[in-house]
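Hi,

Here is the structure I said I would pass on.

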Amino acid sequence: MDIMNNSEKKNGLEPMKSRNELHKQDAVPEAIQAEFGEAVTAGFKLENMSGLSRRKFMALMGASSAFAAASCTEYRDNGELMPYNKKPESITPGTANHYASTYTGNGHGWGILIKTREGRPVKIDGNPLHPINKGKIDSAAHASILNLYDPSRIKNPKRMAVSDMKLNSGQYQPASWDDADTEIIASLGNAAKSRKEIAIVIPAVASPSQKRLFDEFAEAYPTARFYTLSTFADKARQKAWEKCYGRGSFPVINWEKANIILSLNSDFLGNEGNTPEQIAKFASRRDADKPDEFNRLYVAEGAMSLTGSNADYRLRITPEAQLDLVFTLLNELCTKGQCSIACPLQLQQQIKKYTINGFAANYKVSAETLGYLLDDLMANKGKAIVYAGDCLPESVHIAVNILNAALGNDKIYDPKITNTTHSLNREGRIDELPAKMNSGKVSVLILLDSNPAYMLPDDYRWDEAAKKVPMRIAMLETENESSDGFEYILPIHHNFESWGDSHARSNVYGLMQPVIQPLYDSRQKEAALLTWTAAGKEAYTYDIYHKYVMDYWRKKIYPALNLAVDFNTFWYSALHDGFAMSNQSSHSMPVINISAAIGLKSISNQNFTVVLQPSHSLGDGTYANNGWLQELPHPITKVTWDNYAAIAPQTAAELGVEMNDLVEVSIGGRGVTLPVVVQPGMAEKLVAVELGYGRTDAGEIGNNVGVDASVLMTKQGGIADYIFTGASVKKAEGTYKLASTQEHHNLTDDMTKDFQYIRDIIREASVGEYKKNPKMFEHLKHEFESITADIEYPGIKWAMAIDLNKCIGCTQCTTTCNVENNIPVVGKDQVAEGREMHWMRIDRYYGGTPEEPIVRHQPMNCQHCDNAPCENVCPVVATNHSPDGLNQMIYNRCVGTRYCANNCPYKVRRFNFFDFRDHVADSYYKGDSMDLLHNPEVTIRARGVMEKCTFCVQRLSEAKSNATRDGVEFKGEKVTTACEDACPANAITFGNMNDKQSDIAQMREHNLGYYILDILNVKPNVTYLSRLKNTKSEDDITEKTKLDDTKLDDTKLKNTKSNDIKSENTKLNNIKPEGT
Amino acid sequence: MDIDYAREASVIEGNPSLKSIEDSISKPLSTKASWKYWLALMFTSSLLITGVVCLGFSFYYGTGLWGNNNPVGWGFPIINFVFWVGIGHAGTLISAILFLFRQKWRTGIARFAEGMTIFAVMTAAMFPLIHVGRPWLGGYLFPYPNQHALWVNFTSPLLWDVFAVSTYFIVSFVFWYVGLIPDFATLRDRAVTKMRKFIYTLFSLGWRHSSRHWQNYEMVYLILAGFATPLVLSVHTIVSFDFAVAILPGWHTTIFPPYFVAGAVFSGFAMVQNSLIIIRKVFNYEHIITLDTLEKMNKIMLVTGMMVGYAYGMEFFIAWYSGSQPEQFAFMNRAFGPYMWAYWIMITCNVVSPQLFWFKKIRRNVFVMFMVAVFVNVGMWFERFVIVVSSLSRDFLPSSWAYYKPTLVDIGILLGSFGFFFTLVLLFAKTLPVVSIAEVKSSADGSQPTHHGGSSHDK
């Protein structure tokens, strides 16, 4: 790479990455490349140490006496601690460095900041400057740091032994990259010469440099074909856009501009599309301070999704009814003369039969709600959006495009920013590949970070076909189902060890940079391909792809931007920021081709419908070996470590099954047996199953977790790729225990029904009511007299506020908290026992009826009560209060009586019943590499110790000591907790409540603010903002939210009027005397 | 029949001579144990070993081997703790309170009951130490001066427990030992082997049966009885504070102290009665531990059983009267929630079964009373189970509710505690006089000076 002159440094554009280079000499570029060389693992290897110098002798002496001393302690030695004897310039022990990079795990090209400590990444957060995700990422991205240190990663290149070698064939032996390069280059050359195909299976390309590389590779080897393997790729939408607008790249939606959102089977708040962006934009219109600007969310869906659980109005319909719904709306629109486009007569004829009353009768939904929906859409033309789910068939997407156009809603699109696709010069269709391999036309098969054997439907018969290829090369981080028996298994870099770029959105280029010296003898996959393209193993240098990316940026991206600065400045600034903005296109919305909708027919189905969905946490199964994600509770069912068949309560009753019973789901001879989750709010005769489970070669953690439901899939798909009609479901023998973090209470059990309202855990009202009377909850406030003096907190007092209007229950706070606070994975057996360790959990409450449930989410962490009930019961003062209002734990002092947990009304305390790292999967998480993962600022808790949310005290201490260092008064501003950072909806506010200017101080005084269980007078420091439901004023929910205070406590009843309100029909009330 | 109600009926039947009392009580100590004894000892010690093995596993792997989970932080160990502390109470009540009230019928059962107190408290005291996550740091629970200037938390009921239980153990032990001194001397005088003579001499502390000794002895015994009496009330009161001081619905109630004390006496009497029925049969003490005595114990069980039953009812009333929904739910949940099976076992055993003691025939029928007392013990164990588990498993936030199921290890440790207790009881029965020789002699007819100069009116 080019080294810039010192003189070119200017403008404070000093990239963090290149601190070395600031003061560099031209003579040592290599040292710059190996900037992490001294940082982590390289210096620790004994065999690399030279002879016994004086220094070494002293070191060994010191170490052996330290070991001798350590062996006398009661705790086992946990490894060596070594100081730097030469301090790397950019690393100050104890101080974190942040590097901007790009997360490419899902093709959205999110900007991330990677926090490294002493040269090892310990935490990922969104890059706040990044235009796509604005500082937020999803759970998979947060947890993906675990994959870097995954003990299952392949450590060396491996070659399948051939017959002339001493090993049996079928066994692998270690190989060198040199030998691998030589043999592979020869094979590639032969293939090209003999006109046999070189098939390369790749994930979807989002990187321009990668695209150029693949095209160059295909030039060097003309028989090379690239096959993109991507699941849940939103293909139906692309095709629909091609048909409607002539291009498959669809623009970004300005969700924040929509007053009305109609989501058709789309989990855009859950796991569809660019969720952090979508959640943020959606939640920005749920600001309790701006009740006039609340958006209204209608959801028409079959399975209960996270989006559906946040709906103001939810229509329970199966996927095949979606087209009818869209046509109904379109027809009513046309009938009422509200259609903004000229509908062809043919289309009008075609949709004439779809009416609201007909639809309501057909699909047993409320005609009233449909009426509201239609009125709202008509009243908000150009300010609403109808959005169809990824899984829906092309026909629905086309109809939705036309409905949006008819409502003028295409104004909500931002045509200047589109999602880009990168097509390769030599691309093949993956569905044709197995046939080619079977016919012997393929002589080299390269799997580039992909897993076709698992991902593809069984009827591809991938395994059989792949066996017929003479030279098979798998380039992977961990072995998978596809790599079994391959000639070469080559380890590739994790993204954090790699260079790269990304162009997922038309307006931004992202850069990816390595943040750690490679842990193993792996190579970046692109670097290996470059070496093979150059057809010489000597071509490989460790920075070969770095140079390549830089070269691409210099030649292609930099010139197009017409910048005033020189390339080096541009490059380092982009590297510093993690991205570079590109010129926005001047596209406008193309005119819609309405005739695309002509001839679309509704689908009829008498049998069961099966919807296959990506797993909420594991996606398509790529992350199956990530324990944090496996243990992340599903946001609705709260099930961990498994997939299941979600079916409606009525359907379950018809089938005679309950939760944990097994059912056999079969479609046209393909069948799978799954445990049942009875999911309130599901459409009848619908089965929803998550994919991404049932992996057999994912690693110790991910193997045989759940059931691989992809056996239900076929090449052709059902009515859409992931929706199958005509399925049959029947009860199977036996049961299977699902591990869920919340009990599944029967919604019809009068004894426990609606406790979230009765106990004032969830407080809610409608927007209309709130506007009428902002102080509507005033009467529920309690004031208690204390017999002791309250403790004063004159300085800082930390507090948190959680806005239930914004919180959608996405569980990202849980994941980021796991990473930040070194929270162990406990395993399925322990979750089933109720011993999950999450410090931050999302409670889910069902109200309403089993058919039409009201789902509410509530993040729950330690409330840091002023009168903390946990503190006075600890016999050894292991939990106590800090002067700045934190309820703190002294792990060293804790003997583990668990009394504090018993006495915690919020049950947020977590006990280390085992040494969980040792307990899970045969000490899997005690592997050497795992030691590098942990946040060094947070103690690893021992077995037998209680733990809980600390409000990220390590961050507070750091901020405090920084303020002390800088000599400024510490007011607690700009300090954030991990969950606050990660919350895509910005629902969490943290800060010093004594600073009256701060957001948190205002939240504490908010009209909607309340404390959970404040009747106990524990004085929590977490304020919740009551949830406002944006229903029509006709549907105001007075009865439900106005609590009968007497039921909670008879003390200090301020408003006697509430006595008049009818009480809920719980059994308990029956024993209440009249007139209390 | 002309009955003189001014005169106490003799508590010792058959008017045995003082020598024969001494002989029959010290007989088990001087004869070889029968095969039945060894069989019983093998049985109890194998229970004990089961417990030790289960504990060993728990220490090695962690408390995760038990059924405890996130809402239910306390499970079997704390249930067992409260159960065993309760068992101990009868001993102190019999030996101290009944002594102060001059209830002579206690003489036949006091020694054994006191021994059981000590063993029960020993068994109980194990549990708070082993139930913690890091038992090797149990010393932190004691307020000892240290360089870290770390002190214990005097607001924690668990700390009060430490003091209450250790005080109780020390006082009970001293009381028991003081009572044993005259008997040690008697045994010393009867001893035929050198070894026995040496041991009994050592423990009898130079007792010579002199009047002066007796005078001092009576005074010390009286003072110790005075000491021990408040402990009967205080120990279980403090144990009940473990729950009552917490804010959990179903725990946070003011009725707990008296209710726990009544329950403790109830279960303690049941356990003493169970054991004595076996002892009097095996060692032929029917004339010393008379049917009258057993009947009196049954009456106490009937009274305390009804007190406990009243407390159960009152808890419901107060929950309803409080108007506090979580409180109301906690009790509805006990009776009709997932743990209703445990609740109704408790009610059946503790409230219903003692009602049989209204009938004199049943009160005096050894087999039936034995069965009722077994029921009471089972019921009282379940009472603690219901209190600990049902309240914890469903408290304030329904989101964190979970069902608690004990594991085999839990059950092993429970069996181990029984093994520990009964092994000690068996060893006690074979090494020390299970009935106080001195006291029985003193309450035998004719042993006390009377105005009539004779031992009996009848004669």
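Lys134(A) sits in the loop that runs between strand 3 (120-126) and helix 4 (139-143) of chain A. Its phi is near 45 degrees, a positive value in a residue other than glycine. Lys134(A) has 18 C-beta neighbours inside 10 Å, so this residue counts as partly exposed. Bear in mind that this is a predicted model, so please read everything here as computed from the coordinates.

His864(A) also turned up with phi near 45 degrees, and again the positive value belongs to a residue other than glycine. You'll find His864(A) in the loop between strand 32 (853-860) and helix 28 (869-873) of chain A. Is His864(A) buried or exposed? With 25 other C-beta atoms within 10 Å, His864(A) is buried; the cut-off for that is 20 or more.

Some background on chain A, then. The chain has 36 helices and 40 strands. Of its 1076 residues, 55% are buried. If you take the contacts in chain A with a separation of 6 or more, 74% of them are between residues 24 or more positions apart.

Ala283(A) belongs to helix 9 (residues 275-283) of chain A. Not counting residues up to four places away in sequence, Ala283(A) touches Lys806(A), Ile808(A), Ala985(A), Asn986(A) and Ala987(A). Ala283(A) counts as buried because it has 24 C-beta neighbours inside 10 Å.

Next, the nonpolar cores. The largest one holds 441 residues, and the members that touch the most others are Ala399(A), Val610(A) and Val687(A). Which element gives this core its largest share? That is helix 3 of chain B, with 15 residues. As for Val687(A), leaving aside its neighbours within four places in sequence, the contacts are Phe608(A), Val610(A), Ala645(A), Ile647(A), Val665(A), Ala727(A) and Val729(A).

On to how the two chains meet. Chain B puts 46 residues into the contact and chain A puts in 53. On the chain B side, helix 5 (157-190) and helix 10 (325-336) each supply at least two residues. Helix 10 of chain B gives the largest share of that side, six residues. Sorted by class, the side of chain B that touches chain A has 27 nonpolar, 17 polar and two charged residues.

I also went through some helix pairs in chain B.

Helix 3 (residues 76-100) and helix 4 (residues 107-130) of chain B have axes that come within 7 Å and cross at roughly 155 degrees. The cut-off for roughly antiparallel is over 145, so helix 3 and helix 4 of chain B fall into that class. Their crossing is left-handed. The contact between helix 3 and helix 4 of chain B has 18 nonpolar, seven polar and one charged residues.

Helix 8 (residues 256-282) and helix 13 (residues 366-393) of chain B come within 9 Å, axis to axis, and cross at roughly 140 degrees. These two helices of chain B are therefore oblique to each other. The crossing of helix 8 and helix 13 of chain B is left-handed. Residues from helix 8 of chain B in this contact include Gly263(B), Phe266(B), Ser267(B) and Ala270(B), while those from helix 13 of chain B include Val366(B), Met369(B), Phe370(B) and Glu383(B). In classes, that contact divides into eleven nonpolar, five polar and one charged.

What angle do the axes of helix 9 (residues 291-322) and helix 11 (residues 340-352) of chain B make? They cross at roughly 140 degrees and come within 8 Å, which means helix 9 of chain B is oblique to helix 11 of chain B. Gly305(B), Val308(B), Gly309(B) and Tyr312(B) from helix 9 of chain B meet Ile347(B), Asn350(B) and Val351(B) from helix 11 of chain B. Here the contact has four nonpolar, three polar and no charged residues.

Cheers

Definitions and conventions
Residues numbered from 1 in each chain as written. Chains lettered and ligands numbered in written order. Predicted model: local features only at pLDDT ≥ 70, side-chain atom pairs only at ≥ 80, totals over all residues. Axes fitted to C-alpha atoms, helices over the stretch in contact; angles between N-to-C directions. Helix = DSSP H or I, 4+ residues; strand = E, 2+ residues; numbered from the N terminus. Parallel < 35°, antiparallel > 145°, perpendicular 65-115°, else oblique. Contact = placed C-beta atoms within 7 Å. Nonpolar A, V, L, I, M, F, W, Y, C, P; charged D, E, K, R; others polar. Left-handed = near helix turned anticlockwise from the far one by under 90°. Buried ≥ 20, exposed ≤ 12 C-beta atoms within 10 Å, placed from the backbone. Core = buried A, V, L, I, M, F, W, Y, C linked by C-beta atoms within 7 Å.
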